[in-house]
Amino acid sequence: MAQRVTIRKRTPYNTRSNRRRVVKTPGGKLVYHHIKKLATAPKCGDCGIALPGVPALRPRQYATISKTKKTVRRAYGGSRCGDCVKQRILRAFLVEEAKIVKKVIKSQQQQKGRK
């Protein structure tokens with residue numbers, strides 16, 4: 001006859017937060033080990049890939065680790081990946097260039113209108 005295993009937590013229901021595994025102890029007893037939920041890595045807000053350099057933890061564990069481990073030393077550090085930051089910088093630069101070109105063209109047309 002198989003040995004009985006008693007649940008160590010109060011919740012007997014088979015939910016995602018109450019997963020367990022049967023483990024044999026060195027004394028030969030069978031006990032339940034309650035398994036924590038898997039952590040997912042934080043994702044880039046633009047493209048959705050996992051952010052490199054930021055650990056995958058459960059939300060409460062981010063409160064206990066230091067800020068340097070939660071971010072990357074860059075603009076939009078723990079929020080956007082490097083490629084998306086590069087795109088944002090390039091887009092901002094091109095928008096500014098377009099404004100300058102528009103201003104130059106406008107001034108040239110005014111010069112022609114005066115002559």
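1. Contact, as used in this note, means heavy atoms within 4.5 Å. Valine 54 touches Pro42, Tyr62, Lys69, Lys70 and Val72, residues up to four places away in sequence not being counted. On the same terms, alanine 41 touches Ala50 and Ala56.

2. The model is predicted: local features need pLDDT of at least 70, side-chain atom pairs count only at pLDDT 80 or more, and totals for chains, interfaces and linings use all residues. Residues are numbered from 1 along each chain as its sequence is written, and side-chain values use heavy atoms, with hydrogens and water left out.

3. Valine 54 also belongs to the largest nonpolar core, which has six residues: Cys44, Leu51, Val54, Tyr62, Cys81 and Cys84. A nonpolar core is a set of buried Ala, Val, Leu, Ile, Met, Phe, Trp, Tyr and Cys residues joined through side-chain atoms within 4.5 Å. Buried means under 20% relative accessible area, exposed over 50%, and partly exposed in between (1.4 Å probe, protein chains only).

4. Cysteine 44 is buried, at 5% relative accessible area, and cysteine 84 is buried at 6%. The structure holds zero disulfides, a disulfide being a pair of cysteine sulfur atoms within 2.5 Å.

5. Asparagine 18 lies in the segment before strand E1 (19–24). Helices (H or I, at least four residues) and strands (E, at least two) are DSSP runs, numbered from the N terminus. Asparagine 18 counts as buried because its relative accessibility is 2%. A polar atom of the asparagine 18 side chain lies 2.9 Å from the backbone oxygen of tyrosine 13. Beyond four places in sequence, asparagine 18 touches Lys9, Thr11, Pro12, Tyr13 and His34.

6. Two arginines are placed over tyrosine rings. The charged end of arginine 20 sits over the ring of tyrosine 32, 5.2 Å from its centre, and that of arginine 88 sits over the ring of tyrosine 76, at 4.7 Å. A charge sits over a ring if NZ of Lys or CZ of Arg is within 6 Å of the ring centre and within 35 degrees of the ring normal.

7. Isoleucine 105 is found in helix H2 (residues 82–114). Isoleucine 105 is partly exposed because its relative accessible area is 41%.

Note on methods: A polar contact is a pair of N or O atoms within 3.5 Å; within protein, one must be able to donate a hydrogen and the other to accept it, and residues adjacent in sequence count only if both atoms are side-chain atoms.
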